[in-house]
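Me: I'm opening this one for the first time. Can you walk me through it?

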Amino acid sequence: MSGEEYENSVKQYADMVFRIALNECKKQEDAEDLLKEKMKGVCRNE
């Protein structure tokens with residue numbers, strides 16, 4: 001995945017993934033950590 005493709009994916013999905021994570025985790029810090037991990041997975045195609 002190119003840098004541009006990654007940036008586009010983050011822009012498109014980050015807000016939605018964060019809201020879902022926050023709903024599940026209930027803590028902003030945990031939701032942010034989960035978002036970071038999932039966005040890394042997108043970059044590695046996991």
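What follows is a quick chat about the fold, the core and a few single residues.

Me: Before anything else, what kind of model is it?
Reply: It is a predicted model.

Me: What does the secondary structure come to?
Reply: There are 2 helices and 0 strands. Helix H1 covers 3-25 and helix H2 covers 28-43.

Me: And what box do the C-alpha atoms fill?
Reply: Roughly 35 × 15 × 15 Å, taken along the principal axes.

Me: How many of the residues count as buried?
Reply: The protein has 46 residues, and 17% of them count as buried.

Me: Which residues make up the largest nonpolar core?
Reply: That core has 6 residues: Ala14, Phe18, Ala21, Ala31, Leu35 and Met39.

Me: Take Leu35. What is Leu35 in contact with, leaving aside neighbours within four places in sequence?
Reply: Ala14, Val17 and Phe18.

Me: Now H1. How far apart are its end C-alpha atoms?
Reply: Only 29 Å, for a helix of 23 residues. A straight helix would reach 33 Å at 1.5 Å a residue, and H1 falls short of that.

Me: Where does H1 bend?
Reply: At Tyr13, by about 50°.

Me: Which residues of H1 are buried?
Reply: Ser9, Ala14, Phe18 and Ala21. H2 is part of what covers them.

Me: Ser9 is a serine. Why does Ser9 count as buried?
Reply: Because its relative accessible area is 17%, and buried means under 20%. Leaving aside neighbours within four places in sequence, Ser9 is in contact with Met1, Ala14 and Val42.

Me: Switch to H2. How does its reach compare with what is expected?
Reply: H2 has 16 residues and reaches 23 Å from its first C-alpha to its last.

Me: Which residues are buried in H2?
Reply: Ala31, Leu35, Met39 and Gly41. They cover an arc of only 150° around the axis, which puts them on the same side of H2.

Me: What do those buried residues pack against?
Reply: The buried residues of H2 pack against H1.

Me: Which exposed residues sit on the face of H2 turned away from the buried side?
Reply: Glu29 and Lys36.

Me: Now charges. How many salt bridges does the structure hold?
Reply: It holds 2 salt bridges. Side chains of opposite charge can pair when their charged atoms come close.

Me: What does Asp15 pair with?
Reply: Asp15 forms a salt bridge with Arg19. Their closest N and O atoms are 3.0 Å apart.

Me: How are Asp15 and Arg19 placed in H1?
Reply: They are 4 residues apart, so about one helical turn separates them. In an α-helix, residues three or four places apart point the same way, because there are 3.6 residues a turn.

Me: Buried or exposed, that pair?
Reply: Asp15 is partly exposed, with a relative accessible area of 49%. Arg19 is exposed, at 51%. The cut-off for exposed is over 50%.

Me: And which residue does Lys40 bridge to?
Reply: Glu37, with the closest N and O atoms 3.5 Å apart. Lys40 and Glu37 are 3 residues apart in H2, so about one helical turn lies between them.

Me: How accessible are Lys40 and Glu37?
Reply: Lys40 counts as partly exposed, at 41% relative accessibility. Glu37 counts as partly exposed too, at 44%.

Me: New topic, the backbone. What phi does Lys26 take?
Reply: A positive phi of about 75°, although Lys26 is not a glycine.

Me: Where is Lys26 found?
Reply: In the loop between H1 and H2, just after H1. Lys26 counts as exposed, at 62% relative accessibility.

Me: What about the residue with a positive phi after H2?
Reply: That is Asn45, with a phi near 60°.

Definitions and conventions
Residues are numbered from 1 along each chain as its sequence is written. This is a predicted model: local features need pLDDT of at least 70, side-chain atom pairs count only at pLDDT 80 or more; totals for chains, interfaces and linings use all residues. Side-chain values use heavy atoms; hydrogens and water are left out. A nonpolar core is a set of buried Ala, Val, Leu, Ile, Met, Phe, Trp, Tyr and Cys residues joined through side-chain atoms within 4.5 Å. Buried means under 20% relative accessible area, exposed over 50%, partly exposed in between (1.4 Å probe, protein chains only). Contact means heavy atoms within 4.5 Å. The expected span of a helix is 1.5 Å times one less than its number of residues. The bend at a residue is the angle between axes fitted to the seven residues ending there and the seven starting there. A salt bridge is a side-chain nitrogen of Lys or Arg within 4 Å of a carboxyl oxygen of Asp or Glu. The arc is that of the directions from the helix axis to the C-beta atoms.
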